[in-house]
Amino acid sequence: MKNFKNNIVGLGLSLLLFSSCVNDLDTEPKVELTFENLLKQDPNAALGLVSKMYGTFALTSSDGPTASDITTTDPGETGFLRNMINLEDFTADDIKNRWGDNGLDQLTTTSKWDENNKFFRYLFDRVYYTIPNCNNIINALGTTNVENKDQYVRELRFLRSLAYYYMIDCFGKGVLVTEADLGTIEAKPEASRKELFNFVETELKAIETEMPAKNTYGRANKSVVRMLLAKLYLNAEIYTGTARYDDAAIYIKKVIDEGGYTLAPNFRSLFSGDNNTSTEIIFPLIADAQVSQSYGNTTYLVQGNIDASTMTPSNYGITGNGWGGHRATKAWYGLYGTDLAASTDDRAKLFWTTGHTYEMTDYKTWTNGYPAIKFTNNNYVGSTILTEFSNTDFPLFRLADAYLMYAECNLRGATSTNATLALQYVNDVRKRSHASVITASELNLNFILDERGRELNLEGHRRTDLIRFGKFTGGTYLWPWKGGAKDGTSIPDTYKLFPLPLTALNANPNLKQNPGY
């Protein structure tokens, strides 16, 4: 049972505590009760408040799928996970959206980005909804006598760090606010990418040793903190100009050796409705078709890749006709060869090809490109009840990613790594999917980037990976509809960062727009 899900929704529905404070960035949210008074009246509410903060990464609101914590005319669009996929995968080579929505179309074609794009604002606002609320709960816990409050504070510091991580990665700067800033009325100064990096690093290292080795499913433990640290260090050369691959390797090895995780025997099971039983998932964003409904969690991935005109939606555990929006490009499925049916790699089978063309000559035509059926609402074991919303948890961190990160660190010269072990980890990932094993002479950085695509595409990594490998901007590496051209064209280096939303610039005059916008 995913009991933690009940806490995510239950408290928010009954107390209605939170409201967006993104226009201020450093002020206390409007509440019916102060957090301090709430906790004094009901100390058991502490877990519910913490659960709500976990829920901000998976749900649009604890009030249900038609509500949102942030300002919008379409609540379903505003989920963190939905927008992380929009910004990390639709902007990259792996998958495209055909709806032609204003804003989403610019992401799909990596063209005409500006500060008015609502999807940049949604992710920015979601981050600055989460951070101030974490600050307030941390402050309230510090003034009350609540059982397990120190552990709750550590988890909130992790969630705050996770939110800041996406500011570092996507926007490259922001406003740094903590519980020490509560009550401040002056606009906070702009914090640089390096300042945000240093804060997140310090926070994660401060809590890492005190985090439990195990925790309730869906909550952070020691390995979750170490995984985020490793990701921060893996991209440090991009974020700060200083490579930290040795540090990344150290924390990744701790996850591998001490976390107790093992590769799931079957790749498909990782993306099914009962994946909460997986031995591989390190940190999930949890979903439930009844308890935690959202148009912004994996419902977006399952429904978005299905359309009854060429597919049978019930085969994937859903009701309705599907949303008919997303299709992979040959830059993804081409990694398995031109004949997917002939491939022994299980991952090559996770595309729907019947009625669809290999080439995406028109990204707005549903039958151009292959829908990715990687995520499904079917249970891997046992029967499935058809639902509109997804039961499938999103694996934000998982062991196969850790294995590939270790191998990449080795290839980038991390002295604490071992080449033999790096090769073993890569082959362990490949053998799980019945792909052929490779030799040491075949393992290089280009292979790692391709293997990360085969293994991890549509999981919110691809844009960051392409930037780290120097292949996102410019014209050296092209993919379908890069820069708005059918066969791809060069895009400027300024696109390595997203523009700060106009609403954020107007709210705080200390924020300056990223170069090139």
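A polar contact is a pair of N or O atoms within 3.5 Å; within protein, one must be able to donate a hydrogen and the other to accept it, and residues adjacent in sequence count only if both atoms are side-chain atoms. The side chain of Arg 462 makes one with the side chain of Asp 93, at 2.9 Å. This is a predicted model, where local features need pLDDT of at least 70 and side-chain atom pairs count only at pLDDT 80 or more, while totals for chains use all residues. Residues are numbered from 1 along each chain, and side-chain values use heavy atoms, without hydrogens or water.

**Arg 462**
- Arg 462 lies in helix H17, residues 462–468.
- Arg 462 is in contact (heavy atoms within 4.5 Å) with residues including Glu 88, Asp 89, Leu 449 and Asn 457. That list leaves out residues up to four places away in sequence.

**The whole chain**
- The chain has 18 helices and six strands. Both are DSSP runs: helices are H or I with at least four residues, strands are E with at least two, numbered from the N terminus.
- Of its 517 residues, 62% count as buried.
- Take contacts between residues at least 6 apart in sequence: 68% of them join residues at least 24 apart.
- The C-alpha atoms fill a box of roughly 65 × 50 × 50 Å, along the principal axes.

How values were computed
Buried means under 20% relative accessible area, exposed over 50%, partly exposed in between (1.4 Å probe, protein chains only).
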